[in-house]
Every structure is written in structure tokens, then in C-alpha cells.
Amino acid sequence: MLGRHHETIVVPLLDEESTRRALDVACRLAADRESRLLLIAPLFVELELPIDAHFEAEEASLRAELRRKQAVAESSGVPSDGRIVRARHGELGLGVARAAAEANASLVVVGAAIAPRRGFRRPFSRDVWSVLQDAPCPVLLATAATDQPWRAAA
């Protein structure tokens with residue numbers, strides 16, 4: 001899998017440490033293969049609100065975050081695009097899958113903190129599981145153990 005050419009690599013932006021790890025791996029892969037990145041910034045919408053509710057401040061913050069991560073990619077010589085994807089907590093995979101399919105992506109790189117205290121049944125957040133389940137192409141997990149609990153939807 002890692003030896004083939006990847007035209008577009010999708011990277012969902014999650015927590016800061018997971019994103020740093022995923023972006024590092026994706027940039028190295030993309031630079032080696034002259035690929036580009038599609039960075040996905042999730043806008044999580046609570047169930048009580050319509051998915052298309054207005055979030056001007058949050059969207060502005062996510063656009064700024066996308067620009068910062070694009071600058072990181074481009075400093076590695078990797079071209080990138082950014083997109084905001086709306087999702088419910090635990091359902092990020094649907095939006096990532098849609099974006100990956102539209103971009104004809106061949107790989108998704110997602111940073112995933114492993115919480116050893118949770119055991120082998122659920123070592124990842126619901127959003128990471130959602131990406132693994134729904135992705136239309138292979139998913140590479142950039143992992144590291146952590147004792148930090150994550151906020152997951154119940």
C-alpha cells in the first residue's frame with residue numbers, strides 16, 4: 001500500500017497532537033510521491049441544531065486553522081487544499097468519505113490517540129472509528145499512546 005503513488009491524500013484535522021502526527025506522516029508520503037493533501041477541518045454540530053446552522057465565528061477559526069496547516073504542508077513542498085466538513089460527533093467519517101471520493105483520494109491519514117486505559121475494544125475515539133468505517137480508500141493511522149481522555153459523544 002505505501003509503495004504506490006498517491007495523487008491525493010486526505011488528512012482530517014482532529015486534536016492538535018493527532019493532527020501534528022498525521023500531517024507529518026502525510027507530508028512525508030506526499031513529498032515522496034509528488035502528491036497533494038486535502039485537509040479536512042471538521043465543524044461538529046450538536047444534535048439539537050440543524051446541520052446547516054450558521055457558525056460564522058467557528059468557520060472563520062477553522063479557515064484560519066486550515067491556512068496554518070496548509071502552510072506547514074507547503075513548507076514541506078507539498079501542495080494542499082482545505083475544506084470545512086460539517087458533522088455530528090461520532091460521524092466524521094461520512095464527511096471525510098464524501099470529500100475523499102470527490103477528490104478521488106487514494107489514502108486517508110488520520111492521527112489517532114490510543115487510550116490504553118480503554119483496552120482493545122475501543123482504543124480510538126468515535127470519530128476515528130467513523131473514518132475507518134466509512135473511508136472509500138485505505139486509511140493509515142498515525143498513532144501514539146496517551147493517558148489523556150478524549151471527548152467522545154455518548
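Which loop holds E34? The legends below give the answer.

**View 1. The whole protein chain.** This is a predicted model, in which local features need pLDDT of at least 70, side-chain atom pairs count only at pLDDT 80 or more, and totals for chains, interfaces and linings use all residues. Residues are numbered from 1 along each chain as its sequence is written, and side-chain values use heavy atoms, without hydrogens and water. The protein chain has four helices and five strands. Helices (H or I, at least four residues) and strands (E, at least two) are DSSP runs, numbered from the N terminus. Their order from that end is β-α-β-α-β-α-β-α-β.

**View 2. Helix α1 against helix α2.** The axes of α1 (residues 16-33) and α2 (residues 56-75) come within 10 Å and cross at roughly 35°. Axes are lines fitted to C-alpha atoms over the stretch in contact, and angles run from 0 to 180 degrees between N-to-C directions. In α1, E16, T19, L23 and C27 meet E65, K69, V72 and A73 of α2. Contact means heavy atoms within 4.5 Å.

**View 3. E34 in its loop.** E34 lies in the loop between α1 and β2 (36-44). E34 is not a glycine, yet its phi is positive, about 55°. E34 counts as exposed (over 50% relative accessible area), at 73% relative accessibility.

**View 4. N104 in its loop.** The loop between α3 (92-102) and β4 (107-114) holds N104. Phi of N104 is positive, near 55°, in a residue other than glycine. N104 counts as exposed, at 61% relative accessibility.

Key: Buried means under 20% relative accessible area, exposed over 50%, partly exposed in between (1.4 Å probe, protein chains only).
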